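Please read the briefing below alongside the sequence and the structure, which are shown first. The points are grouped by topic.

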Amino acid sequence: MSTNTDIPGGWPDAAALEQLANQFFQAPPATSPSIKQGVSPKAIDTDTSFDIKDPQSSLPDPHFEDGKIPASVAGSGRQPLLQKEETHPAHPAEHAIPSIASFSTAPQLPFSGANDPAYYFLQTPGPWTTGLPTAFSGVPTTTAINGHSGLTQPPFDVMAVRKDFPILQEYVNGRPLVWLDNAATTQKPQQVITRISDFYSHENSNIHRAAHELAARATDAYEGARKKVQQFLNAGSVNEIVFVRGATEAINLVAKSWGEQHLKTGDEVIVSHLEHHANIVPWQQLAEKNGITLKVIPVDDDGQILLDEYGKLLNSRTRIVAITQVSNALGTITPVKQIVAMAHAMGAKVLVDGAQSVSHMPVDVRDIDADWFVFSGHKVFAPTGIGVLYGKEALLNETQPWQGGGNMIKDVTFEHTEYQYAPGRFEAGTGNIADAVGLGAAIDYVTRLGMMNIDAYEHYLLAYATRLLRNVPGLRLIGTAQHKASVLSFVLNGFTNDQVGQALNKEGIAVRTGHHCAQPILRRFGLESTVRPSLAFYNTCADVDALVSVLHRLRGK
């Protein structure tokens, strides 16, 4: 291998790195070991089809009472592997890889494994490893990333995982699809697609209150999905999990049920400058209707919550704080546990918007101590049209229902209606049964990979992308918080955001351009829109390289 001795530390030149990267992709990783987490779920269990011979039985109406999943859940005869994982504090993504040089052709994966010579190309000690960042050399790294240390190679087989997502094999404008619009929606693994198809093929029925077999199967699958969500969030009970259309509907449910029931003239609601419109508009509507005051937590020039200023806003009139855990526009990770504790000390309730967090990091609602937590299924590799409202059980049961109809009642006369306890009291009518089952399958998928593994890999990838984007002339990153998830908003001098988006689309690269339903925070930075690539665990450094290459070409014109 030739090296350029003019490069400090013995770095290989760009041509050498290109050769090494090509060698890597010609020799894909060896088969992953048969372990429960950290490999493609398909590699663990390909038998995801419904077993018609497996006896099915209904659960008690309307939901679990004993907290157990029957053998028939999801038609598989198996209980899902679910493991409670410890939540670790976030650390700066920028520190994940202390120094990554920017090349026209960059290394394809920001890892090397000392025990897997078939996996990564910078393995054998030699002159090219002198001075390499530890993430690329054969020396195990001790850099902590969101609490992870000693991570020297990807925690799962990324290339095998990509094969689970059919749409990633798609071509756009003659180019392989590079999906970097994950903050808008995530793609779906075949396991989720198959599970929904199996439901419609073998279990489709309305749930509860029926004596026939298909109703039993559908009820088992639907309530089994609720149990999976409970375990995924570490909620105390399945009764705390309400199925809704998505995070937007969940926030509206809280505002228009608990909010209208408890908030009156003179009361105050606090939101942050980072919020998605879905966590602003319902509170504004309530303020106009009930005469309450809306206050806003400011952020600094990096997009970080100013906790001291937040403390000044809290007072005896504060009734609820509604806060995002991860900003959809900037990627900022907020200190929700501290925010919740400060609000509770003043007697206020807290709603946490987890739409952008649940796919990137472990979430423990009991550790956070949120009164409500909301998320959308389509942001966590599940179908659109399904989401979750978590609420503390006692709080849900003392809240008046938002909508009335079937399923949410115990008894109805013309004089009086008695409502179900949670979650049934908030699930009027026929719900989105099949997509709730699909959400359960998506949770199975990410749980098999391991949320801590996903968190670690994405932070390495974010650090890699951040470093390369900073080296694009004229590019301004918007949102440079110390603790970030996988969002990279930017503007490029000399080009409109639409021009950048169109140029990327020609190369098959999908990013979001616009205000991202978060106009207040963009205007805080003097902007009306940005270009927003956003990452997921199926993305690779090759995807980032493709993005950055187009940006360099634009600037070179």
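In the largest nonpolar core, which has 106 residues, the members that touch the most others are Leu233, Leu439 and Phe537; a nonpolar core is a set of buried Ala, Val, Leu, Ile, Met, Phe, Trp, Tyr and Cys residues joined through side-chain atoms within 4.5 Å. The biggest contribution to this core, 11 residues, comes from helix α12 (residues 433–449), and apart from this core lies another, of 28 residues, among them Val242, Leu253, Val254 and Ala422. Buried means under 20% relative accessible area, exposed over 50%, and partly exposed in between, with a 1.4 Å probe and protein chains only.

This is a predicted model, in which local features need pLDDT of at least 70 and side-chain atom pairs count only at pLDDT 80 or more, while totals for chains, interfaces and linings use all residues. Residues are numbered from 1 along each chain as its sequence is written, and side-chain values use heavy atoms, with hydrogens and water left out.

**Overall make-up**
- The protein chain has 16 helices and 17 strands, where helices (H or I, at least four residues) and strands (E, at least two) are DSSP runs numbered from the N terminus.
- Of the 557 residues in the protein chain, 58% are buried.
- Among contacts (heavy atoms within 4.5 Å) between residues at least 6 apart in sequence, 74% join residues at least 24 apart.

**Helix α5 and Leu233**
- Helix α5 (residues 213–233) has 21 residues and reaches 31 Å from its first C-alpha to its last, close to the expected 30 Å; the expected span is 1.5 Å times one less than the number of residues.
- Because 18 of the 21 residues of α5 are buried, this helix is largely enclosed by the rest of the structure.
- Leaving aside residues up to four places away in sequence, Leu233 touches Ile241, Val358, Val363, Asp364, Val365, Phe373, Phe375, Val388 and Tyr390.
- The residue that follows α5 is Asn234, whose phi is positive, near 60°.

**Helix α12 and its packing**
- The 17 residues of α12 should span 24 Å, and the end C-alpha atoms are 25 Å apart, which agrees.
- In α12, 17 of the 17 residues are buried, so this helix is largely enclosed by the rest of the structure.
- The axes of helix α4 (residues 190–202) and α12 come within 9 Å and cross at roughly 145°; axes are lines fitted to C-alpha atoms, for helices over the stretch in contact, and angles run from 0 to 180 degrees between N-to-C directions.
- Residues in this contact include Arg195, Ile196 and Phe199 of α4, together with Val437, Gly438 and Ala441 of α12.
- Just after α12, Gly450 has a positive phi of about 100°.

**Loops and backbone**
- A cis peptide bond, with omega about 5°, joins Ala422 and Pro423, and Pro423 is found in the loop between β12 (417–419) and α12.
- In the loop between β16 (512–514) and α15 (519–524) lies His516, which has a positive phi of about 60° although it is not a glycine, and which counts as buried at 8% relative accessibility.
- Cys517 is found in the loop between β16 and α15, has a positive phi near 55°, and counts as partly exposed at 32% relative accessibility.
- Ser316, in the loop between α8 (307–313) and β7 (318–324), is exposed, with a relative accessible area of 56%.

**Cysteines**
- The structure holds zero disulfides, a disulfide being a pair of cysteine sulfur atoms within 2.5 Å.
- Cys541 counts as buried, at 0% relative accessibility.
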